Amino acid sequence: MSTATSHSHAPAHGHAVDHHHEPGFWQKYIFSTDHKMIGIQYGLTSLFFLLFGFILVMCMRFQLANPEAPIPVFGKLLELILGDAAKGGSMTADLYNSFGAMHGTIMVFLAIVPLAFGAFGNYVTPLQIGAPDMAFPRLNMASYHLFFWGGVLMIASFFVPGGSAKSGWTSYSPLATVAEFGKPFNGQTMWLIGMVILITSSLLGAVNFITTIIQLRAKGMSWMRLPFFVWAQFVTGFLLLLAFPPLEAAGVLQLSDNLLHTSFFLPNGLVVSGQQLPVSGGGSPLLWQHLFWFLGHPEVYVLILPAMGIVSEVIANNTRKPLWGYRSMVYAAMSIGFLSFIVWAHHMYLTGMGTKVSTFFQTTTMMISIPSVMILTALFVSLWGGSIRFNTPMLFALAFLPMFGIGGLTGLPLGFNASDIYLHDSYYVIGHFHYVVAPGTIFAMFAGIYFWFPKMTGRYMNELLGKIHFWISLIAMNLVFAPMFIQGMRGMSRRMADGGTAYYGADDIALTLNKSITHAAVLLGLGQIPFIINLFMSIKNGRKVENDNPWKATTLDWATPTPPPHGNFAAEPVVFRGPYEYSAPGSKADFLPQDQKS
Amino acid sequence: MFEILKKFGMPEPASAHASGIDDFIGYVHILMLILFVGWFAYYLLALFKFRASANPRADYTGVKSHMSTYLEIGVAVIEAVLLVGFAIPLWARAVEEFPVAKGDPATDPIEVQIMGQQFKWSAHFTGPDNKWGKQDIKSASATNPFGLVGTDDEGKDDVVCALGEPFKVPLGRSVICRISSMDVIHSFKIPSMRVTQDAIPGMTIPAHFKATQVGSFSITCAQLCGSGHSVMRGDFEVVTPEEWEKWYAEKAAAGGGAGSFE
């Protein structure tokens, strides 16, 4: 059934087709309650933020390669927008710190998470479980709108006196409080209010996903017939639901420290710039770190689990065989979910931790590496015996494996506290988590975009542009992030506005690498141009799909009309088998869709 | 092989415990390298061997052996060995096994208070009397980071190298740094000594090292602390014990730190 073309306005023969007339522009595109439109809203907004975060870091990279030199062309624009902070087109240390803090915040909370969870989760999850929509469509709309206004607030914070938040994306107290002490409405205040809004948005989303996956699965869609992507979203939903509230509380407390001069995170006897700080004291700077990282570490898996989900779908489809060890992958994802709540303090080894506590946290850290290795191993082993098609989505999914592998492996010397003594807060850390998130998660996101684009629009994206995009990105990503391991080994600390010139002679390799990394980052930026062209051109001009299931896939998302109408399915789907019945013995076609009786 | 890895770019180790940490970093990287090269070779082989043109119909079952399970168990075992055999003892040595004074002034550990502030490091020694001068949090100011009161006898010979003034420590003798901060969180990092410890306001956290090489070394701040974070460099020198005694006595006689803050 699923290979036949069906039209989005198919005659009504099920609950799914709505009878009300076509909604107007605002209803359809802005205040939509359709999970697919909300998914697309999330997708476009987060891609914009991805670009915005990238532009911030490009300014920083220029500064690192050429400390105190004016940024060509763009510097003038910066001066025009931000005034004295970018005087003469070069960045002050404060502006560098601002951009650094906002790059992290935007990439994590406004780009990657909404893209992975908000966009793909929203668009694909209901389709894959055979649901007509999310369980709470209006909540879904509210969740997007909160996210949008949280983002607007974050961007607006660049324009308040003193500039945006500049105490790192981690906003450690007391720095976050004393940086602009006494100015009631500063960038940090806006950051905190923005975070509270974003967290609220995530919580609404998480509740919605969990309910949808539990309640709205199609007939026959038992738990072990769920595509791995849905499992990944399900675990992610729980992570967001349970990890975010402590940070929301912490955000409110820090807001109170900043505005009401309470001392939740401020100890006794602070002397800032020679003045005793006029606060009562008695608080604990470490409390903030505990609350922050209690979110912060599960957040890492919020970034990576949906990526693993997308990669699994693409790999199963393009190897034309079932995922190897599907069950073990599901159990591994659940173990990651549980363990991710008890590893947070490995971010805090050097805050004066004794042997007993640090042994606990590094043991749990080593334990959590095992389910991650299991998922990665299952994906590697899935390749064996396949009939591998190298299309653009598959290239990105395949590159994810070794790139995430590097990211995971370089986590080992940071997870062991003995080696962390030396590598902590060095560029080694920057290299490590960027390998996880950039050529890791972002590649998975690209794979997902190229993979589901035909379902969303009825047209393929251009393969040639896609391959150019892939190869430039792969090469440039490695040229950007691999040298950071060398810099870290040489002892270069992160967050240095001058790129480390205060510590190294100008001829040191670490500084030379700053320049080569910047060149590679420019290449990476240029490599995204074919993608942007491809994304927008293909909506109208891409090659049309032959039928509703152009990749010959098995999961229910491909059993819908193209693009799926409001309500998704022409008829209520019934599921007869597991998610990845590719090349099953005895079947002539090399795939058996989940909703096909036999 | 470890030598090769060490020369990967880490500054030459200059403290007694540094080689232990370096070796450990070496072991972990060898494990990482073996795993990566092994998996990557398998990966390339699989991609080549099972390309659609060479293998038009996929095999439903795929791999039947339990090889990968054994491999995972192997990795877990090696991680456990690294953890129990190396990481935990190395950490215990760093944070718990502090050198103890045995009453011999020539070999007893030297204690020094380290204070971070935006954007300088300061150091405070007891002076030859081995007694800290009286300190009061209320006396602390930008130029008196340790809050020395300056009226007591114990403080008369205290040696203070404030606001980035280079200090000296002797070769081959343990130094215990009691690290704190007066404003925001800094991190006291001496890359050559393989010492890193966050300097957190409201807390005093000790760290220790024993220098094995004479020379000048730099302290970096490894935790974002504001606009001057990147220039929060400190410098100190490791000198022979004789030279150090001489420097110490001169500094103490010159009224050290306390008096100068009056």
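**Exercise 1. Work out how chain B meets chain A in this predicted model: how many residues of each are in contact, and which elements of chain B take part?**

Step 1. Start with the counts: 79 residues of chain B are in contact with 83 residues of chain A.

Step 2. Next, find where the chain B residues sit. Elements giving two or more residues to this side are helices H2 (18-49) and H3 (67-95), along with strands E6 (186-190), E7 (195-199) and E9 (215-221) of chain B.

Step 3. Look for the main contributor: H3(B) supplies the largest share, 15 residues.

Step 4. Finally, sort by class. The side of chain B that touches chain A has 49 nonpolar, 19 polar and eleven charged residues.

**Exercise 2. Trace the five-stranded open sheet of chain B: what is the strand order, and which are the edge strands?**

Step 1. The order reads E3-E2-E1-E5-E8 in chain B, with mixed pairing.

Step 2. Strands E3 (159-161) and E8 (205-210) of chain B are the edges, as each pairs on one side only. From one strand to the next, the twist averages 25 degrees.

Step 3. Now zoom in on one pair. E1 (110-117) and E2 (120-125) of chain B run antiparallel over six bridges, and Gln113(B) stands opposite His124(B) in E2(B).

**Exercise 3. Describe helix H5 of chain A: what is its span, and what covers its buried residues?**

Step 1. H5(A), residues 137-156, has 20 residues and reaches 29 Å from first C-alpha to last, close to the expected 28 Å.

Step 2. Its buried residues include Tyr144(A), Phe147(A), Gly151(A) and Met154(A).

Step 3. Among the elements covering these buried residues are H2 (35-65), H4 (93-129) and H7 (187-215) of chain A.

Definitions and conventions: Residues are numbered from 1 along each chain as its sequence is written. Chains are lettered from A and ligands numbered from 1 in the order in which they are written. This is a predicted model: local features need pLDDT of at least 70, side-chain atom pairs count only at pLDDT 80 or more; totals for chains, interfaces and linings use all residues. Two residues are in contact if their C-beta atoms, placed from the backbone, lie within 7 Å. Helices (H or I, at least four residues) and strands (E, at least two) are DSSP runs, numbered from the N terminus. Ala, Val, Leu, Ile, Met, Phe, Trp, Tyr, Cys and Pro count as nonpolar, Asp, Glu, Lys and Arg as charged, and the others, Gly among them, as polar. Two strands pair if DSSP finds at least two bridges between them. Axes are lines fitted to C-alpha atoms, for helices over the stretch in contact, and angles run from 0 to 180 degrees between N-to-C directions. The expected span of a helix is 1.5 Å times one less than its number of residues. A residue is buried if 20 or more other C-beta atoms lie within 10 Å of its own, exposed if 12 or fewer, and partly exposed in between; C-beta atoms are placed from the backbone.
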